[in-house]
Amino acid sequence: MYIQPDFGSAFLLVVTVCIVLFVGGMRIWHVLTLGGVGGGLIGLLIIRDSYKLKRLMDYLAMLKSPDATNYQLTRSLDALESGGLLGLGIDSSLQKISRLPYPHTDFIFAVLGEEFGFIGAVTVTFIFMLFVWRGLHIARHASDLFASLLATGITTLIGLQAFINIGVATGLLPTKGITLPFISYGGSSIVLSLVSVGILLNISRSSNKDIE
């Protein structure tokens, strides 16, 4: 996935695998060692790629001075700011027309904030938090270890994807092309997300049957 390159998806999968291994019983020192090696490799790949290195440097510069934001983040923050408390209304976003890069995928959250306002953005964030809580609840009460680890992996993958997308749109994380689950445009992404939720619901139903 890095060769394509799709660094974001590779990072998501690596983090998800580490979490699943830890939940499955892997010792914390093994996880930390694996994470350290992985972090070193990620750092090396970023240094060797001028495009990724520039994104990281722009992010570090922004932490020192809010005025040093890059073009993408500036347009995203402008969209969130113009939305105010209640937003401009459905399909009334001005930034998505020509200024905001990738408004249908990577920065869809900024469009949501502009059209539905602070309340809408917080609502979407809360829904994803609720999804993660419910997914971990399903994993905890799964009927067997495999189902528990599968539910953990699905919940982690979707939750991290949402966290990164929202973090990028709000300037909490460096700019990275990660879509927002269930909301960003893309047929294959939505289909896989819905299939994952279907598996999660099936695990929950099987657990409820065992309890009965």
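In the predicted model, Val 14 lies in helix α1, which comprises residues 7–23. Val 14 has a relative accessible area of 44% and is therefore classed as partly exposed, since this class lies between the limits of 20% for buried and 50% for exposed residues. Leu 34 is 20 residues away from Val 14 along the chain, and the C-alpha atoms of the two residues are separated by 9.9 Å.

Helix α4 is formed by residues 71–83. The 13 residues of α4 should span 18 Å at 1.5 Å a residue, and the distance of 19 Å between its end C-alpha atoms agrees with this expectation. The buried residues of α4 are Gln 72, Leu 73, Arg 75, Ser 76, Ala 79 and Gly 83. Because these residues cover an arc of only 165° around the axis, they are placed on the same side of α4. Gly 84 follows α4 and has a positive phi, near 65°.

Helix α4 packs against helix α7 (residues 145–170) at an angle of about 90°, and the axes of the two helices are 7 Å apart. The two helices are therefore roughly perpendicular, a description that applies to angles of 65 to 115 degrees. On the side of α4, the contact is made by Leu 73, Ser 76, Leu 77 and Leu 80; α7 contributes Val 168, Ala 169 and Thr 170. By class, the contact of α4 with α7 has 5 nonpolar and 2 polar residues, with no charged residues. Leu 73 and Ser 76 of α4 take part in this contact and are also among the buried residues of the helix.

Note on methods. Residues numbered from 1 in each chain as written. Predicted model: local features only at pLDDT ≥ 70, side-chain atom pairs only at ≥ 80, totals over all residues. Heavy atoms only, no water. Axes fitted to C-alpha atoms, helices over the stretch in contact; angles between N-to-C directions. Helix = DSSP H or I, 4+ residues; strand = E, 2+ residues; numbered from the N terminus. Parallel < 35°, antiparallel > 145°, perpendicular 65-115°, else oblique. Contact = heavy atoms within 4.5 Å. Nonpolar A, V, L, I, M, F, W, Y, C, P; charged D, E, K, R; others polar. Expected span 1.5 Å × (residues − 1). Buried < 20%, exposed > 50% of the residue type's maximum accessible area, 1.4 Å probe, protein only. Arc of directions from axis to C-beta.
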